[in-house]
Amino acid sequence: MSPAEDAAEPGARVAPGPTGGGGERATLQVIADQASVSLSTVSKVLNGRGGVGEETRARVEALLQENGYLRRGTAHVSTLVELVFGELGTEWSLEVIRGVERVARANGLSIVVTESGDRNQPGADWIDAALERRPAGVVLVISGLPEESRRQLRVRNIPFVIIDPAGDPPPDVPSVGAQNWSGGMQAARHLLDLGHRRIGVVAGPEDMLMARARLSGFRSALEAAGVELPDPYVVTGEFRREAGIFAGIELLSLPEPPSAIFALSDLQALGVYEAARSLGVSIPDELSVVGYDDLPVATWVGPPLTTVRQPTADMAEQAMYLVLHQRDYGEQENLRIDMATELKVRGSTAPPASPQSGE
């Protein structure tokens with residue numbers, strides 16, 4: 001195949017762009033000329049292939065966007081959806097996979113699951129591989145997506161959605177999250193209603209908006225009730241069981257330990273369970289515990305965990321519906337969905353052993 005044939009793919013089109021002067025339509029040849037590269041180089045960039053220098057690739061990508069180049073139909077041909085995690089292997093990630101897979105299967109699509117990068121963004125090599133696969137859409141369980149990667153996906157008409165973003169994504173980045181502030185408030189009100197006033201918190205990573213929102217909602221409810229949350233009663237850690245163990249031991253070893261602990265994730269709460277067992281502290285007789293997520297394991301532990309239900313599988317399903325909506329109707333701005341949370345009261349919470357006054 002000649003370079004010209006390689007570049008001129010079926011279904012490709014260009015929209016009028018700022019360089020089109022007088023309404024003339026930009027072409028791949030114009031883009032190649034502007035970038036001082038061959039048609040085959042433009043084609044390699046467009047299809048996510050290797051063999052192109054980083055600076056050249058960025059220059060061609062910018063010109064594709066500037067000239068309004070769009071690929072027509074490629075997203076409709078593919079039956080593959082990319083599901084990208086910064087971290088796999090947790091109960092939470094399994095719930096996401098179940099939700100995405102249900103909607104994908106019902107719409108004749110398959111999913112490929114990838115672990116890449118970290119919770120902040122996918123690895124640098126992920127985007128090139130994804131562009132070469134040309135998926136029908138991308139669902140990212142990662143805080144954000146670099147602007148360059150977003151541009152590359154849009155140029156190729158590949159819709160994408162972020163689930164539970166850690167930060168505040170731009171208006172043009174579709175995302176599905178939960179009402180984390182409200183969830184934190186629900187947890188606090190439950191413990192306050194039981195009579196707890198010495199309450200500890202296993203907080204989440206400070207660079208994650210969801211963690212800050214949960215803690216902020218929790219603090220707001222305590223402040224409204226006139227209850228203080230001293231600094232020693234807040235221990236920060238990752239959303240992992242090990243962090244819950246460490247934080248639980250630290251909190252329960254205080255001179256005046258809390259009678260209740262709110263963990264910002266169920267995995268942290270399971271760690272608090274283990275810490276309490278190691279110190280001979282009975283749940284809920286001596287310590288009430290509230291988690292966040294309502295993972296299946298919350299009903300398996302003893303006693304069953306009181307937790308704030310974040311509809312993880314439903315969020316994943318909604319993310320897939322947003323991918324399908326963009327695929328069928330084009331890119332939409334301001335697609336931000338925050339789903340409601342719900343407190344699930346089980347056996348891990350009870351009134352404190354002795355009455356407590358506000359502190």
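Which residue with a positive phi follows helix 10? That's Gly 226, with phi near 75 degrees. Bear in mind that this is a predicted model, where local features need pLDDT of at least 70 and side-chain atom pairs count only at pLDDT 80 or more, while totals for chains, interfaces and linings use all residues. Numbering starts from 1 along each chain as its sequence is written, and side-chain values use heavy atoms, with hydrogens and water left out.

Helix 10 has 16 residues and spans 22 Å from first C-alpha to last, close to the 22 Å expected at 1.5 Å a residue, the expectation being 1.5 Å times one less than the number of residues. Its buried residues (under 20% relative accessible area, with exposed over 50% and partly exposed in between, using a 1.4 Å probe and protein chains only) include Arg 214 and Phe 218.

Phe 218 stacks with Phe 262, at 4.8 Å centre to centre and 20 degrees between the planes. For Phe, Tyr and Trp (its six-membered ring), a pair needs centres within 6.5 Å; planes under 30 degrees apart are stacked, over 60 edge-to-face, the rest tilted. Phe 262 sits in strand 10 (residues 260–263), so the pair ties together parts 44 residues apart in sequence. Both Phe 218 and Phe 262 are buried.

As for Arg 214, its charged end sits over the ring of Tyr 292, 3.8 Å from the centre; the rule asks for NZ of Lys or CZ of Arg within 6 Å of the ring centre and within 35 degrees of the ring normal.

How values were computed: Helix = DSSP H or I, 4+ residues; strand = E, 2+ residues; numbered from the N terminus.
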